[in-house]
Amino acid sequence: MRDLLLEIGTEELPAHVVDLGTKQLKEKAAALLAEHRIGHGPMSAWGTPRRLALYVAQVEEMQADLVEEVKGPPASVAFVEGQATKAALGFAERQGVHVSELVVKKTPQGEYVFAQRKQQGLASREILPAFLPQLIAALSFPKTMRWGAYDFRFPRPIRWLVALFGDEVVPFSIAGVDSGNLSWGHRFYRSEPVPVTPSTYLDDLRRAYVIVDGEERRQTIIRQVEEVAKACGGQVLWDEDLLAEVTNLVEYPVAVWGEFGSDMLELPQEVLITPMKEHQRYFAVLNQQGELLPRFIAVANGGKDNLSEVRQGFERVLAARLADAKFFWEVDRKIPLEGYLEKLKGIIFQEALGTMHAKTARVVDLAVGLAEELGLAEHAPVVRRAAELAKADLATNMVYEFPELQGVMGREYALGSGESPAVAKAIYEHYLPRFAGDELPETVPGMIVSIADKMDSIAGCFAVGLIPTGSQDPYALRRQALGIIQIILAKELNLPLTALIQRAQVGLADQVAPTLETANQMREFFLGRLRGILTGEGIPYDVIDAVLAVESDRLPDLLARCRAVAEGLDSQEMTALLTACERVANLAAKADHRKVDPALLVERAEQELYQVYQGVKDMVAKKMAAADYRGALAELVQLSGPIDAFFDQVLVMAEDESLRGNRLALLGSL
């Protein structure tokens, strides 16, 4: 057995491609090795901005033999009195085996003869030259490129290839690059090629100022950043997304802290953090009270020898960004937030649906209507004002330059314009949730305006045919639908889905005529997102299917039903109830009415079933009215025994037509 190493050396890869590439390398390598019948030990995949690498330990020297069984004629036809017939001889000849090698096996169809064909495995070293290019070509990325005169596509041009089976180079070529045993170290600190072996690969490159293992780089960054933050008198404002990105932007991390002018602290905290994170990939630094300090921590790609120059470069770039932010902050506040509403007429929301100004008008009407629908009319004034101003900050200089600050600047500019804190907070909250796991609106006005804004976008896009497909969702309608559902479920809002859709369609009537088909498409779209949420809770798919078959579109109610059924699904009581229910349903379909005549209940078992049914019926109705679905199921369980006794002791399809009809009516009622 030998170890296998593959390294794909490239020009700088985008940060997100590194994780995607390493994940696929490991998964596809495992699948292809299994397909080629090559045994192996543990497997690892690593990546940096300039390389994707795969290491497979203890790869077998030989491919496993392939044994195929081919089914032939029935044994009774192939052999007569122990002698092979023409059928057996012909089958053996076609399969390339001697007739004596045929075996007889029992199958569900009887005894048949089988031929076993063995194909001896090849040496792994003979398979790998075709296997490794196949593996590289199997990697899939959202965006790829071609270079030179080659048809091969990859996220960035390939510049070198390492392919080693033990100490032996696996020869192949991709896009004019031949495989070998030479890698490359840090672009600036190791200018010559680096000889590597599979067993020493990580150490070989570490000496060349490259930490290949992403988790090792991540832990190095965490440790260094925390040490630097402590040294400069603060603590890190950690951001997992930023940490993941920075990990894949450097090969040899070196944390360094810098400063910016303390006068910038007059700006809102988000205005400072956003340029640091989104544009410069810096970590913010807080004091012990959680307040922002005029410092930041950047992660350089090497550079220990010139930290002062590196620090100055980081500070200079950030200073320009923050100077822009301060300028926009001062200019934007010269007019009140309301003054930007007119400018929304120049911002297109969607060609067929008009401008952001038109959208704002629709959202105002929808939000106020939802407040009334929910019995929260006392919040209507704040809802109306927040909806009117919700999109105003899109016309400001700050949001134009830093789109990530939409909503945040609306809140800050609203407070500076004399709007109430409730209105300002609702403006910010109407964008929530922005992504999976994000916070939900806390206030009633924020919650209502958020639903209204998202619902208007969904209804409008569906109305003009912009329905999400498997790969296209330019208006992020899936995310917005999930946000609406999460808010409704978390706040347990009594807001029927049908009513929500109808209200949104009415608001669009001036632009697009509402149709029942579009309403049904939206309903199915929402229920599809709800299925995902319910599945994420661990609710079995068949329970979800059963509950969604009920004519109810109150989402909290559907969730409660799912939980009630799922929690008792494996109990003996539920199993008995399901069995009884199925027995009843099979015959109940034949009932032409559900009016039971007690005088025609002549058998003791059917009399007892009717009595239990009468008592349970009223209790189930009360429990259902109170949305006590667990209680309703507990009541229904009482029917299981009497139903079983009924079927054991009573002939439902009696010859007497009146008895038969009455018994079917009883089952129909059940």
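Predicted model: local features only at pLDDT ≥ 70, side-chain atom pairs only at ≥ 80, totals over all residues.

**Salt bridges and other local details**

Q: Which side chain does Arg 411 meet in a salt bridge?

A: The side chain of Glu 270, at 2.9 Å from N to O. That pair links distant parts of the chain, with Glu 270 in helix H8 and Arg 411 in helix H13 (residues 408-416), 141 residues apart. Glu 270 is partly exposed, at 28% relative accessibility.

Q: Ok, and what about Arg 385, which residue does it form a salt bridge with?

A: Glu 419, and the closest N and O atoms are 2.8 Å apart. Arg 385 sits in helix H11 (residues 380-389) and Glu 419 in the loop between H13 and H14, so this pair ties together parts 34 residues apart in sequence.

Q: Are Arg 385 and Glu 419 buried or exposed?

A: Both Arg 385 and Glu 419 are buried.

Q: How many salt bridges does the structure hold?

A: There are 46 salt bridges. Some residues are linked in a network of them: Lys 359, Arg 362, Lys 391, Asp 453 and Asp 456.

Q: Switching to the sheet: what's the strand order in the open sheet of four strands?

A: The order is E15-E17-E18-E16, with antiparallel pairing. Strand E15 (235-236) and strand E16 (253-259) are at the edges with a single partner strand each, so one side of each has no neighbour in the sheet.

Q: How many bridges pair E17 and E18?

A: Three, with E18 covering residues 292-301. Leu 286 stands opposite Leu 292 in E18.

Q: And which salt bridge does Arg 295 make?

A: Arg 295 meets the side chain of Glu 259 at 3.9 Å, N to O. Arg 295 is in strand E18 and Glu 259 in strand E16, 36 residues apart. Arg 295 is partly exposed at 21% relative accessibility, and Glu 259 is partly exposed as well, at 41%.

Q: Backbone next. Where is the cis peptide bond that involves Pro 433?

A: It joins Leu 432 and Pro 433, with omega about -10°. Pro 433 is in the loop between helix H14 (421-429) and helix H15 (444-463). Most peptide bonds are trans.

Q: What's the phi of Arg 281?

A: Near 60°, a positive value in a residue other than glycine. Arg 281 lies in the loop between helix H8 (269-279) and strand E17 (283-286). Ala 627 also has a positive phi, about 60°, and lies in the loop between helix H22 (604-625) and helix H23 (629-637).

Key: Residues numbered from 1 in each chain as written. Heavy atoms only, no water. Helix = DSSP H or I, 4+ residues; strand = E, 2+ residues; numbered from the N terminus. Pairing = 2+ DSSP bridges. Salt bridge = Lys/Arg side-chain N within 4 Å of Asp/Glu carboxyl O. Buried < 20%, exposed > 50% of the residue type's maximum accessible area, 1.4 Å probe, protein only.
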